[in-house]
Every structure is written in structure tokens, then in C-alpha cells.
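Hi everyone, thanks for coming along.

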Amino acid sequence: MTINISSDKNVSKVSDLDNSINKIVVSRGNPFAKLMIIGEAPGAKEEEIGEPFVGRSGKLLDKLLQNAGIDINQDVYFCNVVKCRPPKNRRPTKIEIQENLPWLYQQIKLVNPSVIVLVGATALEAILKIKSPISILRGEWIDWEGKLVMPVFHPSYLLRNPSKEEGKPMSLTKSDFLKIKEKIDFL
């Protein structure tokens with residue numbers, strides 16, 4: 001099933017988060033990759049190192065990708081909706097997301113991936129403008145701006161719900177990444 005969605009890119013102002021920012025975290029991975037993974041915002045480890053998805057959640061994400069046969073150095077470009085860590089690692093506000101979207105849209109334009117994976121509800125809402133539980137849309141291909149987009153559970157959620165039982169978030173996410181691998185190999 002493919003769902004068609006358009007974006008609203010009428011955002012013209014970019015400013016930084018209302019906190020003390022040590023680092024802006026832009027990306028890691030291959031800027032020529034077919035696959036772009038978009039998360040919420042950097043955490044403490046990401047801010048410290050200056051790259052997205054390098055903490056506990058990132059290590060799990062890397063493992064899920066590698067287990068699906070995806071090369072994390074060649075096949076993927078990682079980034080976040082918000083480029084700076086929100087205070088106390090809280091979820092970014094709507095204003096922070098809106099202020100960072102022009103930068104994210106520019107990254108999407110420059111990398112020009114064939115497939116985008118939205119990791120977690122914040123990325124889902126920011127890109128697709130859908131406020132829906134990720135459990136409803138995860139694993140589904142959605143057409144957005146001529147790109148194939150798939151929402152998946154955030155690895156931090158998987159760390160809190162580690163059951164490997166069939167039908168549980170971890171096994172569903174593993175099957176999602178196998179579908180993603182199949183798609184990028186086909187394109």
C-alpha cells in the first residue's frame with residue numbers, strides 16, 4: 001500500500017533552540033546514499049560527538065540496519081529534524097521543529113535519497129504532518145514529494161520494549177528494515 005502526501009514548505013525563518021547549545025549536529029553517513037534516516041533530535045552523546053544516532057539508540061539502529069544487510073557507512077545518510085539537543089533531552093517543540101525544517105528540507109534536496117525512513121513520531125509528524133500513533137503507520141510505504149517514506153519505531157522505544165517475540169515492536173522493526181533493504185536494492 002502507498003499513501004500520497006505533500007509537504008507544506010512555507011517556512012522561511014530559522015533560529016536556534018532556546019537553550020545553551022554546545023554543538024549543532026548535522027549528519028553522518030554517505031551524502032550520496034539512496035537511504036536517508038531522519039530522527040527527532042540529538043541526545044547527549046550525539047551532542048558530545050557531533051553526529052546523529054551514536055548513543056545507545058544509534059548503536060541499536062546500526063545493528064538493525066546491518067542485520068538487514070544495509071551498510072551503515074555506504075548505504076545511509078543519518079540526520080535529525082532538529083539539529084541541536086533540546087534542554088533536558090525533552091521532545092522538540094512545534095516552534096523548534098518549524099525553525100529547523102528549512103535546514104532539513106535542504107538536506108533532503110541535496111542528498112536526494114530514493115527512500116526516507118522516519119524514526120519515531122516526531123519525525124513522522126514533522127515531515128508528513130500526520131499526528132497519528134507510529135504503530136498505525138510503521139512499516140507502510142508512503143509517497144511524499146516523489147520519495148518513498150517509511151515510518152519505523154524509534155530505537156529508544158525498542159530499548160524500552162526489548163521483547164523479540166513475534167508481533168512485538170522489535171520483530172516488527174526487523175521486518176521493516178528487511179522491506180527497506182529490499183526496496184533500496186530494487187531502486
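This is a predicted model: local features need pLDDT of at least 70, side-chain atom pairs count only at pLDDT 80 or more; totals for chains, interfaces and linings use all residues.

In which helix is Glu 46 found? Glu 46 is in helix H1, residues 44-49, where a helix is a DSSP run of H or I with at least four residues, numbered from the N terminus.

Residues are numbered from 1 along each chain as its sequence is written, and side-chain values use heavy atoms, leaving out hydrogens and water.

Back to Glu 46. This residue is buried and has no salt bridge. Buried means under 20% relative accessible area, exposed over 50%, and partly exposed in between, with a 1.4 Å probe and protein chains only. A salt bridge puts a side-chain nitrogen of Lys or Arg within 4 Å of a carboxyl oxygen of Asp or Glu. Here the nearest side chain of opposite charge, Arg 85, is 7.0 Å away. A polar atom of the Glu 46 side chain does lie 3.1 Å from the backbone nitrogen of Val 54.

Now for the backbone. Most residues other than glycine have a negative phi. Lys 129, though, has a positive phi near 60 degrees; it sits in the loop between helices H4 (121-128) and H5 (134-137). Glu 145 also has a positive phi, about 55 degrees, and is partly exposed, with a relative accessible area of 37%.

How values were computed. Helices (H or I, at least four residues) and strands (E, at least two) are DSSP runs, numbered from the N terminus. Lys and Arg count as positive and Asp and Glu as negative; His and the chain ends are not counted. A polar contact is a pair of N or O atoms within 3.5 Å; within protein, one must be able to donate a hydrogen and the other to accept it, and residues adjacent in sequence count only if both atoms are side-chain atoms.
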